Amino acid sequence: ALGVLEEIGAAARALAPQIRGALQDADEDVELASIDALIKVVGEAASSELVQLCSSSSRKVRIAALHGIGALGLEEGAEAAAKLSLERDDELAQAA
């Protein structure tokens with residue numbers, strides 16, 4: 001369903017609250033798809049959510065959030081990215 005939202009583009013903005021809600025899903029795959037959809041549908045307005053997701057307990061979620069911050073060129077994420085770049089996880093540090 002989230003993949004369909006990505007293709008709808010601007011028309012999907014009305015569904016942004018549901019996408020944001022899916023960021024809290026217990027299923028990591030749903031959460032990752034939600035991050036991707038949020039980036040594509042909401043864009044820069046997703047900065048606060050992406051920064052918050054950099055503190056997720058899920059490594060994959062942190063990496064996806066960092067990629068989103070980078071893709072959108074969000075200055076708000078610079079501090080979170082700098083912090084995560086110090087992690088002892090090469091993939092996570094590289095994403096930061």
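Lys40 is partly exposed because its relative accessibility is 49% (buried is under 20%, exposed over 50%, partly exposed in between; 1.4 Å probe, protein chains only). Asp36, at 31%, also counts as partly exposed. Asp36 and Lys40 form a salt bridge, with their closest N and O atoms 3.2 Å apart (a side-chain nitrogen of Lys or Arg within 4 Å of a carboxyl oxygen of Asp or Glu). The two residues sit 4 apart in helix α3, so about one helical turn separates them.

This is a predicted model, in which local features need pLDDT of at least 70, side-chain atom pairs count only at pLDDT 80 or more, and totals for chains, interfaces and linings use all residues. Numbering runs from 1 along each chain as its sequence is written, and side-chain values use heavy atoms, without hydrogens or water.

## Helix α3

Helix α3 covers residues 28-41 (helices are DSSP runs of H or I, at least four residues, numbered from the N terminus). Its end C-alpha atoms lie 20 Å apart, close to the 20 Å expected (1.5 Å times one less than the number of residues). At its start, a side-chain oxygen of Asp27 comes within 2.8 Å of the backbone nitrogen of Asp29. Just after the helix, Gly43 has a positive phi of about 65 degrees.

Buried residues of α3 include Glu31, Ser34, Ile35 and Leu38. Val30, also in α3, counts as partly exposed because its relative accessibility is 27%.

The largest nonpolar core has 20 residues (buried Ala, Val, Leu, Ile, Met, Phe, Trp, Tyr and Cys joined through side-chain atoms within 4.5 Å). Ile35, Leu38, Val42, Leu50, Leu53 and Cys54 have the most contacts inside this core. Helices α2, α3, α4 and α5 each supply at least two of its residues. Beyond its neighbours within four places in sequence, Leu38 is in contact with Ile19, Arg20, Leu23, Gly43, Ala46 and Glu49 (heavy atoms within 4.5 Å).

The structure holds 2 salt bridges. Glu49 is buried, at 13% relative accessibility. Arg20 is partly exposed, at 28%.

## Confidence

The average pLDDT is 81, and 72% of the residues score at least 70 (pLDDT is the predictor's confidence in each residue, from 0 to 100).

Technical notes
A polar contact is a pair of N or O atoms within 3.5 Å; within protein, one must be able to donate a hydrogen and the other to accept it, and residues adjacent in sequence count only if both atoms are side-chain atoms.
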